[in-house]
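Here are a few notes from going through the model. Have the coordinates open while you read.

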Amino acid sequence: MKKVLLVFGLVCSTLFAKAQEVAKVGIKNADYDALKKIAVKNPDKDTYIKEGAYVLDNSNPPYIFKFSDGKERRIYLYKVLETAEMKEMGSLMVFTTPKDGKKISLVVPNPMAEKEVWGKYIDDLKDGEKAVSGFSSCVAFVLAKEFTGGAAGAEHGAEDKYEYCFPETAVVTMADGSQKSIAEVKAGEVVMSYNTITNQAETTLVDEVIEHDNKSFGIVKVLLSDAEDQAFASTQPLFQLTELEGTANHPVMTTTGHAKLGKLKVGEQVLMYNSDTHTFNRYKVFSTNSDYRTVEKVYNLRTANDKYLVNSIVVLEK
């Protein structure tokens, strides 16, 4: 076990050495110990933390792993910078298992770290694996993904952190019934949402607006029609179609639970808000296009109740 962990640590070091040379200062023994003591109480909301001589910065959603044991594992990846000149020192991974509330912080040195720091890093890898099975596998995947552009998440049971988004043409329904582009929504605003218990409309606070613009994003297009409408052979259609575009893995609320946008089947039904009656109607999938277009920038909202409306359709934040 000791030899395996040593090899694992050396591999991780090599991965960082191959990354872009953005680090300007290495982690020292005192830094390592101090960083381990920084408490990230709520990694979903604590995206920027300044404590003493250090800054932790994370603008991305977590890596989510679903293993065969049914226990969800997450890793939140923070950049570590020193406050004096904002030079990058390395990374901090916050590993969590939401079901039982376990949380493990792992300081990940960059190649400029002191030699003794790597010994502590290996020990922490070993302790993390003892505490939660699968810890080392999750860490290894994140390192490969972040610093080598490695394997696709599906091969390891992980969900790509960029797959839950909408293009800027997506329209969000606000609390007062008005609509605006998702690109214009701001954190702190209140939007319309859906209560799964009462099946009625409710409002919810936007905690965060997430933007990604560092690659090309494939967009799926789904056409929807009112489930109560009937189509007849005619030169004039007797029904209207509603469009919904987004990345393939973004979940939408259906009449039977929820489904990924790219997995919706013709005839499957989703929920659409009617602003006149303030109720939700069933809309069925009329057609799908899994390779509709690509965009260079996408958006997602994090809301207090994890749901909001895009083009009046109930969607989940992820």
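**Notes on the predicted model**

1. On the cysteines themselves: Cys138 has 0% relative accessibility and so counts as buried, the limit being under 20%. Cys165 is buried too, with a relative accessible area of 1%.

2. Next, helix 2, which covers residues 29-36. Which of its residues are buried? They are Asp31, Tyr32 and Leu35. Looking down the axis of helix 2, you'll find these buried residues within an arc of 100°, so they line one face of the helix.

3. What sits over that face?

4. Helix 3 is worth a look through Val117, which lies in it. Is Val117 buried or exposed? With 0% relative accessibility, Val117 counts as buried. Setting aside neighbours within four places in sequence, Val117 is in contact with Ile27, Lys28, Asn29, Tyr32 and Pro109. Tyr32 is also one of the buried residues of helix 2.

5. One distance to check in your viewer: Val117 and Gly26 are 91 residues apart along the chain, and their C-alpha atoms are separated by 9.7 Å.

Note on methods. Residues numbered from 1 in each chain as written. Predicted model: local features only at pLDDT ≥ 70, side-chain atom pairs only at ≥ 80, totals over all residues. Heavy atoms only, no water. Buried < 20%, exposed > 50% of the residue type's maximum accessible area, 1.4 Å probe, protein only. Helix = DSSP H or I, 4+ residues; strand = E, 2+ residues; numbered from the N terminus. Arc of directions from axis to C-beta. Contact = heavy atoms within 4.5 Å.
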